[in-house]
Amino acid sequence: MPKILDNVKADLISHTRKLLQEKGYGAVSMRAVAFECHIAPGTIYNYFSSKDEMIAACMSEDWGNTLDSMKGLVGRFRSIKEVISAIYESIVEYTGSHYRLFEDPEAVESYRISSKKYHGMLIEQLTEILDAPCRSNARHYTEGLAEFIAEAVLERAVRGYDFEAFYEIIGQFF
């Protein structure tokens, strides 16, 4: 009688995340994740076509949670500085939870080509969150300001720049 599997995709993503965080990109393989989930390696191919697709699903799920958190934070703050700081810290936290992936040369090379597509998507999502606060707080709002701030926040947060020093520059818009 065949084994009934519940929440296989969620389990695959969860175990992929665990392997990434504990052992890094090199430790993640279809076979290793199958072993952790107690399933046959071939079963994974019903859900994901490759290791990188599994990792992308994991990161996408985590980013979705980060976005939801950011959207919830925006309405809680009075000043634009607090809003941008909360978004900045959310990005820092996200990259921190995936540091093994971002620092692994093999992973970086693997995602180099697709990163342009994902970068554009991230900027769109951040722009959507920042648009209303930028419109209502900018000294002189110009179309594209939220996108400019989104790009700057993402780039500086990922690179680990000090928020206060960063805000000294972009704070001039508000």
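Which helix holds both Asp131 and Arg135, and how many residues apart are they? Select the two and you'll land in helix 8 (residues 115-137), where they sit 4 residues apart, about one turn of the helix. Helices here are DSSP runs of H or I with at least four residues, strands are E runs of at least two, and both are numbered from the N terminus.

Before moving on, some ground rules. This is a predicted model, where local features need pLDDT of at least 70 and side-chain atom pairs count only at pLDDT 80 or more, while totals for chains, interfaces and linings use all residues. Residues are numbered from 1 along each chain as its sequence is written, and side-chain values use heavy atoms, with hydrogens and water left out.

**Stop 1: around Arg135**

Show the side chains of Asp131 and Arg135: they form a salt bridge, with the closest N and O atoms 2.8 Å apart.

Colour by accessibility next; buried means under 20% relative accessible area, exposed over 50%, and partly exposed in between, using a 1.4 Å probe and protein chains only. Asp131 is partly exposed at 22%, Arg135 is partly exposed at 43%, and Glu143 is exposed at 63%.

**Stop 2: Lys81 and Glu164**

Jump to Lys81 and Glu164, whose side chains meet in a salt bridge of 2.8 Å, N to O. Lys81 belongs to helix 5 (residues 80-97) and Glu164 to helix 10 (residues 163-170), so this pair ties together parts 83 residues apart in sequence. Lys81 is partly exposed at 30%, and so is Glu164, at 43%.

**Stop 3: a network**

Select Arg17, Glu61 and Asp62 to see a network of salt bridges. The count for the model is 7 salt bridges.

**Stop 4: the largest pocket**

Helix 8 returns here, giving the largest share of the lining, 6 residues. What is the lining made of, by class? It has 15 nonpolar, 6 polar and 4 charged residues.

Conventions
Salt bridge = Lys/Arg side-chain N within 4 Å of Asp/Glu carboxyl O. Nonpolar A, V, L, I, M, F, W, Y, C, P; charged D, E, K, R; others polar.
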